[in-house]
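Subject: Structure for your review

Dear colleague,

Please find below the structure that I am handing over to you.

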Amino acid sequence: DRGQDGSHRFASSLTDLSESIRLDPENAVAHASRGSTWMSRAEREAATGVDPAASFDRAIADFGEAISRNPSDVATRNNRGNLLRARGDAEAARGEDPRATYGKAIADFDAAIEGNPRSSKAYYNRGVARLQMAAAQAKRGIDRTESYERVIADLGVALSINPGLTQVYVARGNALRGMAELEAASGKDPRGTYDRAIADFGEAM
């Protein structure tokens, strides 16, 4: 059974990594690897209809332990930021205020960019987190113009580093569409911004 094989594989990996950490608690790589294993398990759980919250929490905790031992680990910053962003999405789906959690995700992506200014992934991830922050602001009647501007700037940098990332065009198109809606609501002519959004969606096709 594939499900059982997968569960056994995760359990075996977690056992081995936990033993590595027991023998060397300061091993940042082992903490990061166990966090990645918890993250993979959570993604599998989510795909099969199992609540992944506990696995996500354990992954975030392990990534935190890794970062405390190696603050310059860009990949782990990105991983924890993505998990925090996913937690923010879950909070939003439950009707809670996710802005603080999105803020923590953005802080991780800030650190990832500081560690590697050429990481298109980190710029994309931060742009998406800021786009979700804008959605949370919109639900609370908070002006999100600055959030959209930062999204568009981040995604522009991501594309300048790697023009082949089609998902970046989609995210920037959504930000531009949001910006155009704000322009229309304030009495400005939004047609130029809508045209830019349409062009981005076209690039993604």
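Which element supplies the largest share of the lining of the largest pocket? The model is a predicted one, and in it α4 contributes that largest share, with five residues.

The pocket itself may be described first. Its volume is about 180 Å³. Both α3 (53-69) and α4 (74-93) supply at least two residues each to its lining. The lining residues are D51, P52, A53, F56, D57, I60, L83, A86, R87, A90, E91 and R94. By type, seven of the lining residues are nonpolar and five are charged, while none is polar.

The chain as a whole comes next. It has nine helices and zero strands, so every element from the N terminus on is of the α kind, as the order α-α-α-α-α-α-α-α-α shows. The C-alpha trace spans about 65 × 35 × 30 Å along its principal axes. There are 205 residues in the chain, and 44% of them count as buried. The accessible surface comes to about 10800 Å², with 49% of it belonging to carbon and sulfur atoms. Among contacts between residues at least 6 apart in sequence, 56% join residues at least 24 apart.

One residue deserves a separate note. S119 lies in the loop between α5 (99-115) and α6 (120-139). S119 counts as buried because its relative accessible area is 9%, and the cut-off for buried is under 20%. If neighbours within four places in sequence are left aside, S119 is in contact with N78 and I161.

Yours sincerely,
A colleague

Note on methods:
Residues are numbered from 1 along each chain as its sequence is written. This is a predicted model: local features need pLDDT of at least 70, side-chain atom pairs count only at pLDDT 80 or more; totals for chains, interfaces and linings use all residues. Side-chain values use heavy atoms; hydrogens and water are left out. On a 1 Å grid over the protein atoms alone, a cavity is a set of points where a 1.4 Å probe fits but cannot get out, and a pocket is an open set with protein on both sides within 12 Å along at least five of seven lines; lining residues have an atom within 4 Å of a point. Grid points are joined across faces, edges and corners, and a volume is the space filled by probe spheres set on the points. Helices (H or I, at least four residues) and strands (E, at least two) are DSSP runs, numbered from the N terminus. Ala, Val, Leu, Ile, Met, Phe, Trp, Tyr, Cys and Pro count as nonpolar, Asp, Glu, Lys and Arg as charged, and the others, Gly among them, as polar. Buried means under 20% relative accessible area, exposed over 50%, partly exposed in between (1.4 Å probe, protein chains only). Contact means heavy atoms within 4.5 Å. Accessible areas come from the Shrake-Rupley method with a 1.4 Å probe; for residues, only the protein chains shown count as cover.
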